[in-house]
Amino acid sequence: MVSVADALHAFNPLYSLSGFVVGSLVGLTGVGGGSLMTPILVLIFGIAPTTAVGTDLLYAAVTKSGGTIVHALNDTVDWRITRRLACGSVPMTIASLVLLSWLGKAAGHAANGLITSALGVALLLTALAILFRRWILDYIARHTDNLTDSRARFLTIGLGAFIGVLVSISSVGAGAVGMTVLLALYPRLPTVRLVGSDIAHAVPLTLVAGFGHWLMGGVDWLLLFSLLVGSLPGIWLGSHLAARVPDHYLRPALATMMAAVGAKLSI
């Protein structure tokens with residue numbers, strides 16, 4: 001573990017500036033930080049994909065723990081949905097980590113290659129979920145009319161399994177992709193309860209995945225410290241400005257950027 005003195009000595013203001021920008025955009029749009037932070041670390045700062053993903057997972061665990069506490073205090077978490085998601089995501093997260101560990105031991109470049117490709121695919125899926133959310137919701141709703149609770153449970157566990165694989169390998173996808181499907185599976189629940197449930201589920205998911213990446217040597221604690229220094233005030237500022245920025249302009253712009261970056265990483 002790194003001491004406070006070492007962290008202050010190694011503090012990188014550029015990382016903190018990136019954290020501030022990403023935190024502000026997350027506060028403005030609700031788009032998951034991994035969709036923005038991990039590509040910045042890989043493409044701009046040249047951080048190895050394995051380190052970028054592992055560090056971002058613990059970064060997400062810290063920030064979303066705070067969000068979970070707020071939602072729990074406001075009684076806006078449906079723990080039934082959270083448990084269903086976790087039943088699918090946690091086992092698949094462990095399986096994905098085992099695969100990454102095996103690839104890392106067999107050939108380090110293979111693990112980095114898998115993470116880069118998965119990151120590109122996850123960004124493309126996130127961009128599509130943002131741009132076409134209304135159409136996707138309508139499509140799913142037409143196929144889930146009169147959905148029984150047992151069927152909803154099965155589909156929610158399946159969604160959790162898919163997210164577990166995606167997030168463990170790329171750190172991207174839990175927010176936009178997960179929320180889009182949850183809105184269709186549970187149309188009668190208030191959106192705020194689905195948001196709270198999704199955030200609460202992200203905490204064990206990112207903790208397990210981040211811990212696994214740490215065991216594989218894929219977490220940079222000094223980088224994590226620098227990111228949090230900037231992101232926490234950024235999220236606060238973005239949340240306060242959210243009502244003043246036209247969402248219908250900002251979200252498509254972010255989705256277009258993610259699609260472009262995702263395409264670059266996938267090639």
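Predicted model: local features only at pLDDT ≥ 70, side-chain atom pairs only at ≥ 80, totals over all residues.
**Exercise 1. Find which residue with positive phi follows α10, and work out how the helix's span compares with expectation.**

Solution. Residues are numbered from 1 along each chain as its sequence is written, and side-chain values use heavy atoms, without hydrogens and water. Helices are DSSP runs of H or I with at least four residues, numbered from the N terminus. Now step back into α10, residues 191-215: its 25 residues reach 36 Å from first C-alpha to last, close to the 36 Å expected (1.5 Å times one less than the number of residues).

**Exercise 2. Describe how α8 and α10 pack.**

Solution. First take the geometry: α8 (residues 149-170) meets α10 at about 45 degrees, with the axes 10 Å apart (axes are lines fitted to C-alpha atoms over the stretch in contact, and angles run from 0 to 180 degrees between N-to-C directions). Next, list the contacts (heavy atoms within 4.5 Å): Ile163, Gly164, Val167 and Ser168 of α8 meet His201, Leu205, Ala209 and His213 of α10. Finally, sort the residues of this contact: four are nonpolar, four polar and none charged (Ala, Val, Leu, Ile, Met, Phe, Trp, Tyr, Cys and Pro count as nonpolar, Asp, Glu, Lys and Arg as charged, and the others, Gly among them, as polar).

How values were computed. Helix = DSSP H or I, 4+ residues; strand = E, 2+ residues; numbered from the N terminus.
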